[in-house]
Amino acid sequence: MMGFKYRSFAPLPRDLSLEELVPRDNFYRRLEVDLDLSFVRDLVRPLYASGGRPSVDPVVFFKLQLVMFFEGIRSERRLMEVAADRLSVRWYLGYDLFETLPDHSSLTRIRERYGLEVFRSFFERIVELCVEAGLVWGKELYFDATKVDADASLDSIAPRFAVEAHLDGLFEDDEPATDAKPDASSPLPTADDEKLRAKNAAEDDWISRTGRQRREVKGVWYKRTADFLASKTDPDSSPMKRRNGKGSHLGYYAHYVVDGGKARVILNALVTPFEVTENAPMLDLLWRSTFRWKIRPRQVTGDTAYGTTENISAVERAGIRAYMPLTGAGKKARPFFSKEEFAYDAERDLYRCPAGEVLLPRANNTARRLTVYKADAGTCERCELRSRCTENKTGRQVLRYFDERYVDRVRAYRGTFPYEKALRKRRVWVEPLFGEAKDWHGLRRFRLRRLEKVNAEALMIAAGQNIKQLMAFGGWRPRKLAQVAALRPPSRPAKQSRHYARMVSSTTQTSDSRVFQQAGKLRRGDLLDTRSASCT
Ligand code: SF4
């Protein structure tokens, strides 16, 4: 007999609570147990006034961001619709059945109030949790970048000067929302030397510039399209070609630095406009990752795009092996002898060509940091191999960069087992993370606009991916106690607190033991003891 469902709803009994309605094995219950987000209150405290109407709890805000990540939701309005009719999400947020949830517009305002620094600090705190759980190996780093569509159409492109004039007119009178910016470097110790701090503050790198292009730096051989054209909808994006001839779109590059350990923790993430080549921010990302996470990688691996002389020489000079394929290595780009077919004699500083003739250094180009080596025009004129070597009337020339000895070293890695293994590993290490982020978490197309916001969006996605690894591998034990301790240095006494200074000087504890004790308090205190930490 066919059933028929009558619709009738009785009032909920008074003794029924969300605790009973949400299943015991619900995912959000596990997330609540595994990830304590109370640290976000400290991150955003400077952004709130001491009095007035209470805001939405910052913990609730970040929980909603995580719900957005796990559910693949692309707007705050949709997020709050989901939160309103999902018991498990209500339970995770801590809102009872009859409590009013925050309005979606509040979430947008809170996101803008926090700014990128808070999102970066949140991401870094999650990586710290991964370090504490022993998920970061730190011996191998893998670099890659992926194209991400901007939330703007090619039809919105206009001359850059007109777009910038329009934007200047819109925002010239705007006051910043608040002067109080959270100090992103607060978890790290800072030097007392004022000059050094001023010098560091004046330093300009891709991360502190939020991936912004330096328009004042012009290329010698080319003109950037993005210097002349900009989108009226998202002026920071730039035109990019899609693969397989699927036309063009406006977009960005999302860069990831991934640890070589089994958990594949993302150590750094940065979004740049598409016009910024993949190799440009690599060194800044590498130094930031090594210093921030106190790791000493023995090798870094990237694809051909990263194998520039500048990157290779900086990495090799730091005592790290640069496993990067060289442009054109192993294949002939032109019908002439490649540079590899000219033998360099380091002792006599000359090249010997396939015909056995000598090419001597003729000129230095300090701007491009290279030396030009040439054979005599007459020698090349008479050479039988000339048709396979050059069409230049003045003879063949070979360019050698000042730092080419490092490139030669990397060339010698080719064919060795560790080099080939690293390149094979790179293909299955970073790209699946991009695939996961694109297919499940919305990295195929940014939902927000402008560099600051898309960087915050990418950091939230990377943090979510790390949280997934933390939940999957979180049962591991911290293996590098010294590294964990170094990431949580003891807080320094305030300058005006003489009593505290006297107290510190009178204590008999060494500073090292205090650091390790602090590490011991982080997690699983019973596992750590000062003796074993000292041996690490
Ligand atoms: S053309 Fe000149 S550089 Fe080339 S093989 Fe002949 S002699 Fe050597």
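Arg-264 counts as buried because it has 21 C-beta neighbours inside 10 Å; a residue is buried if 20 or more other C-beta atoms lie within 10 Å of its own, exposed if 12 or fewer, and partly exposed in between, with C-beta atoms placed from the backbone. The model is predicted: local features need pLDDT of at least 70 and side-chain atom pairs count only at pLDDT 80 or more, whereas totals for chains, interfaces and linings use all residues. Residues are numbered from 1 along each chain as its sequence is written.

Arg-264 is located in the loop between strand 5 and strand 6 (266-273), where helices (H or I, at least four residues) and strands (E, at least two) are DSSP runs numbered from the N terminus. Although Arg-264 is not a glycine, its phi is positive, at about 50°. A second residue other than glycine with a positive phi is Asp-349, for which the value is near 50°. Asp-349 belongs to the loop between strand 9 (343-345) and strand 10 (350-352). Asp-349 has 12 C-beta neighbours inside 10 Å and therefore counts as exposed.

Strand 5 leads on to strand 1. Strand 5 (residues 248-259) pairs with strand 1 in the antiparallel sense over 9 bridges; two strands pair if DSSP finds at least two bridges between them. Strand 1 also pairs with strand 7 (residues 299-301), here in the parallel sense and over 3 bridges. Leu-141 has a bridge partner in each of these strands: Asp-259 in strand 5 and Val-300 in strand 7. Strand 1 (residues 140-149) is largely enclosed by the rest of the structure, because 8 of its 10 residues are buried.

The protein as a whole contains 21 helices and 13 strands. Of its 536 residues, 31% are buried. Two residues are in contact if their C-beta atoms, placed from the backbone, lie within 7 Å. Among contacts between residues at least 6 apart in sequence, 69% join residues at least 24 apart.

There remains the ligand. Of the 14 residues around the ligand, Cys-353, Ala-355, Cys-380, Cys-383 and Cys-389 come nearest; a residue is near a molecule or strand if its C-beta atom, placed from the backbone, lies within 6 Å of it. Helix 12 (377-382) and helix 13 (386-389) each contribute at least two residues to this shell. By residue class, the shell comprises 8 nonpolar, 3 polar and 3 charged residues. Here Ala, Val, Leu, Ile, Met, Phe, Trp, Tyr, Cys and Pro count as nonpolar, Asp, Glu, Lys and Arg as charged, and the others, Gly among them, as polar.
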